[in-house]
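Please work through each task before reading its solution.

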Amino acid sequence: MSTKHLVLGATGGIGFSFTAELLSNNINTTILVRDKEKAKNLFNNHPLLEVIVGDVNNLTLLKEISTDKEFIFLG
């Protein structure tokens, strides 16, 4: 799945709303979360959603998953 959108904080209030809006507009979206089950429940395993488990404070992971992104949103 090719996506240019990365959302950090997607399981919080603002991040959830932003992610839901992207998905409702059929935009492939990647989210970085600590709790994969919570994300799956919130977004109903949406087919356009890529869920990556990790911590935003892990700079190595953050660099790795954001290198090909055009838009990064921190909710």
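**Exercise 1: The sheet**

Thr 30 stands opposite Glu 50 in β3. The model is a predicted one, in which local features need pLDDT of at least 70 and side-chain atom pairs count only at pLDDT 80 or more, while totals for chains, interfaces and linings use all residues. Residues are numbered from 1 along each chain as its sequence is written, and side-chain values use heavy atoms, without hydrogens and water.

Task: determine which order the strands of the sheet follow.

Solution. 
1. Strands are DSSP runs of E with at least two residues, and helices are runs of H or I with at least four, numbered from the N terminus. Two strands pair if DSSP finds at least two bridges between them.
2. Strand β2 (residues 29–33) is joined to β3 by five bridges, and the two run parallel.
3. The open sheet of four strands has the order β3-β2-β1-β4, with parallel pairing.
4. β3 (49–53) and β4 (71–74) stand at the edges with a single partner strand each, so one side of each lacks a neighbour in the sheet.

**Exercise 2: Positive phi**

Task: state where Asn 26 is found and whether Asn 26 counts as buried or exposed.

Solution. 
1. Asn 26 is in the loop between α1 (13–24) and β2.
2. Its phi is near 55°, a positive value in a residue other than glycine.
3. Asn 26 counts as exposed because its relative accessibility is 62% (buried is under 20% relative accessible area, exposed over 50%, partly exposed in between; 1.4 Å probe, protein chains only).
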